[in-house]
Amino acid sequence: MISSATRSDFADWTSPVLVKELRQGLRSRIFMSAFFVTQLLMIASVLMNLAISSALDSRAGDARGLMDGLFWFLISLPLALGMPMRGFTAIHSEIKDRTIELVLLSHLSSWRIALGKWAAIVIQTLLLVCSILPYVLLRYYLGGVNILADLQSLGLLFVFSCVLTAVTVAMSPYESKILRGLFMVAVFAGFWFLMGSVMVWLTVTSLYGGLPGSGRMAPWQVYVMMAVFAPAFIILCLEMAASRIAPAAENHSMRKRLLGAFLVGAAVILDLAGVGNKWAISVAAVLLVPLIIDALAEPAAFSLPVWKRFLARGLPGRAAAWLIAPGWVSATVYSITIFGVLAAEALLQGHLGTSQGRIMIVSYAGTLLLPAAIIRLFQPETRNFLGFYITIQFSFMVLTLLVSILSQSLNEQFTSWLAPVPMSALLLNLFNNIPTPVQSGFLLLTSVATGASVAFLALRSLTPWRDFSANLRQHSAHNG
Amino acid sequence: MADPIIEVERLERDFGNVKAVKDVTFSIERGTVAGFIGANGAGKTTTMRMMVTLETPTAGTIRIGGDDVIDKPAEIRRRVGWMPDHFGTYDNVTVYEYLDFFGRSFGYRREERLRRLMEVMEFTDLTPLADRQMNSLSKGMNQRLCLGRTLIHDPEVLVLDEPAAGLDPKARIEFKNLIRLLAARGKTIFISSHILSELGEMCDQLVFIDDGRIVHHGSTESLTRHHGRETLIEVRVAGDPEPLYQWIAAATEITLADRHRDGARVRAIDLTDEDAAALLRRMILDGVAVQGFTRIERRLEDAFVDMLRMTPPPLP
C-alpha cells in the first residue's frame with residue numbers, strides 16, 4: 001500500500017473526484033461487463049461482416065449496408081446508452097449515501113464534483129472507444145469500408161455520448177425515480193433521434209451537397225455549431241447538477257443564466273456570420289429549454305449570503321439581482337428577457353415575416369411559462385415543481401395528439417380549440433397543422449395565453465419580493 | 001471567557017414555519033471538550049450543521065476562530081472537522097483510498113498527503129486495515145475511519161454529531177480514548193451524544209438545548225456535583241455512628257439527609273470545596289471517627305431531566 005502511494009503520482013494533476021470515480025468505476029461490474037460485451041459484439045460483427053462479404057458477392061452492397069447498420073447499432077449501445085446511463089447514479093448515489101456533504105466540506109466545489117463525475121464516465125467511454133478502434137481498422141483492411149467516414153461517425157458518437165452523459169449527470173441529483181425515468185426516456189429518445197438525424201445529414205451532405213430545407217449546411221458548419229454548442233451545453237448541464245448539490249450560500253443561478261445568455265449570444269453571432277444558416281438560433285432555443293425550466297423551478301428561498309453579495313454592489317448589484325439572483329422570481333424576468341432577445345434575432349433573420357414564425361416564438365415562450373403559472377397558482381409551495389411541470393406538459397401533448405386524431409378522423413378543424421394552449425400551438429405549428437386562414441386567430445389566442453402567464457407570474461412574484469425585503473430589513477436590524 | 005474559539009450569538013434557523021433554533025447563544029473556549037445535549041428534535045444537529053456551513057442561519061451569527069460562517073465559509077471549513085451521525089462510505093474503495101480521496105480533496109499533495117494519511121491512520125489504528133474494502137469494515141472500524149477522515153486536514157475544531165451511536169461497548173471505549181487523546185493535543189471538541197454518562201466523563205463543559213433554546217451552559221462538574229444549590233455528602237465512620245448523628249444535629253451548615261449502618265448522608269447548601277474541607281477538619285477535631293467523606297455526584301441523566309423540568313415554558 002505504501003509503495004503504491006509513494007510512487008510519483010500522475011493523479012495529483014487531476015481532480016480528486018475523477019481519481020476516486022475512476023478507481024470505483026473501473027472496478028465496477030457495469031464497466032467490466034460493458035467492456036467485455038462490446039468486445040464480443042465487435043468480434044461477432046466483424047466475423048459476420050467478413051462471412052457475408054465473401055459469401056454474397058452479388059448482393060455485397062446490400063449486405064454491407066446491413067452489416068454497417070448492425071456494426072453502428074452495436075457500438076451505439078454501450079457508447080450512447082450504457083455509459084451515459086451511469087450518469088444517472090453519479091450524484092444520486094452520493095446523496096443517497098449522504099457522502100455529498102462530506103465532500104462539499106472539503107476544498108472541492110460542487111462544480112468540481114459534477115465535473116469529476118462527468119469526466120470519469122467520459123474517460124471510461126473513451127477507453128471503450130479506443131477498444132473499438134482495432135475493429136474499425138479491421139473493417140477497413142478486410143471489409144473495405146471508408147475508414148475516414150467510420151472515424152468521423154465514431155467521433156460523433158463519442159461527442160453525443162459526452163453530451164448525453166452531461167444530461168444524465170444533470171438529472172442525477174433528482175431523488176424521484178419516476179422523474180428521472182421520464183427524463184431518461186425523453187432525453188434518450190430525443191438524442192438518439194437527433195444523433196441519427198445529424199449522422200444522416202452529414203452523410204447526405206457529403207454525398208449530395210445538403211438536405212433540402214437545411215439551407216445546404218456544409219459539414220464544417222455543423223462542426224462549428226457543435227464545437228460552440230456542445231461544450232456550452234455540457235457546462236450548462238454540469239452547472240445544473242452542481243446547483244442541486246451546492247450549499248444555499250452559493251449562487252449557481254447566476255452562472256447558469258450567464259451560460260444561457262452565452263448560448264443566445266453565440267447563436268446570434270453564428271447566424272449573423274452566416275455559419276448557422278439561420279439554424280443556430282433554433283438550436284439555442286432548444287438547448288435553453290432545460291435551463292429555463294430549471295430556473296422557473298427554483299424555490300423563492302431567501303439566502304442571506306447570496307443577497308449580501310448583490311447588495312454590496314449597490315444599485316448595479318440590485319439591478320442584476322432581478323435577472324440572476326436565485327429563485328423563480330428573477331427566473332421569470334430572465335426568461336422574458338431571453339424570449340425578447342430570441343424574438344429580436346428571429347426578426348433580424350426574417351423568421352417573423354410569416355404567421356408561422358410569429359406563432360413559433362410566442363408559443364415557445366408560452367409553452368415554457370404557462371405550466372409554471374399554473375403551478376404557482378394552484379401549488380405555490382410545492383417542492384415537486386418539476387413533477388407537476390412535466391405532468392402538465394405531458395397532458396398538453398396528449399390533448400394535442402387526441403384532438404389532432406379526432407380532427408383528422410372527423411375531417412373537422414377541432415384543433416382551433418387548442419389555440420389558447422401554447423404547447424399545442426407549438427406542436428401543431430411544427431408539423432404544419434395550422435391551416436393558413438386560422439393562423440392569425442391562433443396567434444392572437446396563443447399570445448393572450450402567453451401574456452396572461454407572464455402577467456400572473458409577475459403578480460405572484462410580488463409576495464416573495466416583499467418577503468426578501470422584510471428578511472433583509474430584519475437581518476440589518478438583527479446585526480445592528 | 002478567556003479565549004473563545006466558538007462564538008454563537010442569537011442564532012436562529014427556520015424551516016418554513018418551523019423554528020428549529022431560537023435565539024441560541026453560547027461560546028466555547030479554545031482547547032475544551034464541550035458536550036451538546038438535547039432530546040431528539042431539540043435543534044442540536046441543525047445548530048451543528050450551521051456551525052460547519054452546511055446550513056445557513058436565518059438570523060444571528062456564528063464565529064469560529066473569529067471568522068463568520070457566512071462571510072468566510074471556506075476558512076471555516078479549513079478550521080473545522082465535521083463528523084455526522086452516519087458513516088458516509090463508498091463501494092469499491094479501500095480504507096487507504098478513502099482517506100487519500102479526502103486528502104486530495106483538501107488540497108494535500110504527494111509527500112504531504114502521504115504524511116497526513118500515515119499520521120491519521122496511525123492515530124486511529126487503521127494502518128493494518130489500509131487495504132480493506134470499506135464495506136467489509138465493522139461499525140467500530142468505520143467509526144474510526146470516519147474520525148480519521150474528519151482529522152485529515154488537521155482541523156482546530158472538531159464538531160462530532162452522535163459519534164458513539166450504535167457502537168458496541170469496546171468500540172465506544174476505544175472511541176472515547178481517541179477523543180481524550182485529541183483533547184490532550186489541544187483540539188477543541190464540540191460533541192453531541194445521547195449517552196450522557198459518556199459525555200460527563202469526556203467533557204469539560206456542557207451545553208443543554210431544549211426546543212431550540214439553550215437551557216444551560218456550564219462546567220460538567222457544576223452539574224454533576226450540585227443538585228441545584230444543594231450538595232450531598234456521604235460520611236462513613238468507624239464503629240458506632242451515634243457521635244456523628246449528634247455532631248450533625250449540632251452543626252448549623254449541614255442537615256441530616258439519611259442515616260445508615262456506617263454513617264450518614266448530609267445535605268449542604270452552596271458548599272464550596274474549601275467549605276467541605278473545613279467541615280471535614282472540624283468533624284475530625286471534634287472526635288468523630290471519620291473513615292470516608294465523599295461528595296455524591298449526580299448522574300448526568302438526572303441533571304438533564306432536572307434541567308428540562310426547571311426550564312420555564314417559552315413565552316407565547
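## Chain A at a glance

Contact here means heavy atoms within 4.5 Å. With that in hand, look at chain A: among its contacts with a separation of 6 or more, 76% are between residues 24 or more positions apart. This is a predicted model, in which local features need pLDDT of at least 70 and side-chain atom pairs count only at pLDDT 80 or more, while totals for chains, interfaces and linings use all residues. Residues are numbered from 1 along each chain as its sequence is written, chains are lettered from A and ligands numbered from 1 in the order in which they are written, and side-chain values use heavy atoms, with hydrogens and water left out.

Chain A has 21 helices and zero strands. Helices (H or I, at least four residues) and strands (E, at least two) are DSSP runs, numbered from the N terminus. Of the 480 residues in chain A, 51% are buried; buried means under 20% relative accessible area, exposed over 50%, and partly exposed in between, using a 1.4 Å probe and protein chains only. The chain exposes about 22,400 Å², and 71% of this is supplied by carbon and sulfur atoms. Accessible areas come from the Shrake-Rupley method with a 1.4 Å probe, and for residues only the protein chains shown count as cover.

## A nonpolar patch on chain A

Which residues form a nonpolar patch on the surface? They are Ile43(A), Leu47(A), Leu50(A), Leu137(A), Leu138(A), Tyr140(A), Tyr141(A) and Leu142(A), with about 760 Å² of accessible area together. Patches are made of residues with over 30% relative accessible area and no salt bridge; like charges are joined within 9 Å, and nonpolar side chains (Val, Leu, Ile, Met, Phe, Trp, Tyr) within 5 Å.

Helices α3 (29–55) and α8 (110–143) of chain A each supply at least two residues of the patch. The largest share, five residues, comes from α8(A). Leu138(A) lies in helix α8 of chain A, and Leu138(A) counts as partly exposed because its relative accessibility is 35%.

Now turn to chain B. Strands of a sheet pair through backbone hydrogen bonds, either parallel or antiparallel. Two strands are taken to pair if DSSP finds at least two bridges between them.

One open sheet has six strands in the order β6-β7-β8-β3-β9-β10 (chain B), with mixed pairing. Its edges are β6 (80–83) and β10 (213–219) of chain B; each has a single partner strand, so one side of each is left without a neighbour in the sheet. On average, neighbouring strands of this sheet are turned by 15 degrees against each other, direction ignored. Strands β3 (residues 33–37) and β9 (residues 205–210) of chain B run parallel and are joined by four bridges, with Ala34(B) opposite Gln205(B) in β9(B). Helix α5 (residues 139–151) of chain B packs on the sheet, touching β6 and β7 (157–161) of chain B, and its direction makes about 160 degrees with that of β6(B). Axes are lines fitted to C-alpha atoms, for helices over the stretch in contact, and angles run from 0 to 180 degrees between N-to-C directions.

Another open sheet has four strands in the order β2-β1-β4-β5 (chain B), and its pairing is antiparallel. Here β2 (18–29) and β5 (67–68) of chain B stand at the edges with a single partner strand each, so one side of each has no neighbour in the sheet. Five bridges pair β1 (residues 4–15) with β4 (residues 59–64) of chain B in the antiparallel sense, and Ile6(B) stands opposite Ile64(B) in β4(B). Helix α1 (residues 44–51) of chain B packs on this sheet, touching β1, β2 and β4 of chain B, with its direction at about 120 degrees to that of β1(B).

## Salt bridges

Side chains of opposite charge can pair when their charged atoms come close. A salt bridge is a side-chain nitrogen of Lys or Arg within 4 Å of a carboxyl oxygen of Asp or Glu.

In chain B, Arg30(B), Asp67(B), Lys72(B), Glu75(B), Arg78(B), Arg79(B) and Glu156(B) are linked in a network of salt bridges.
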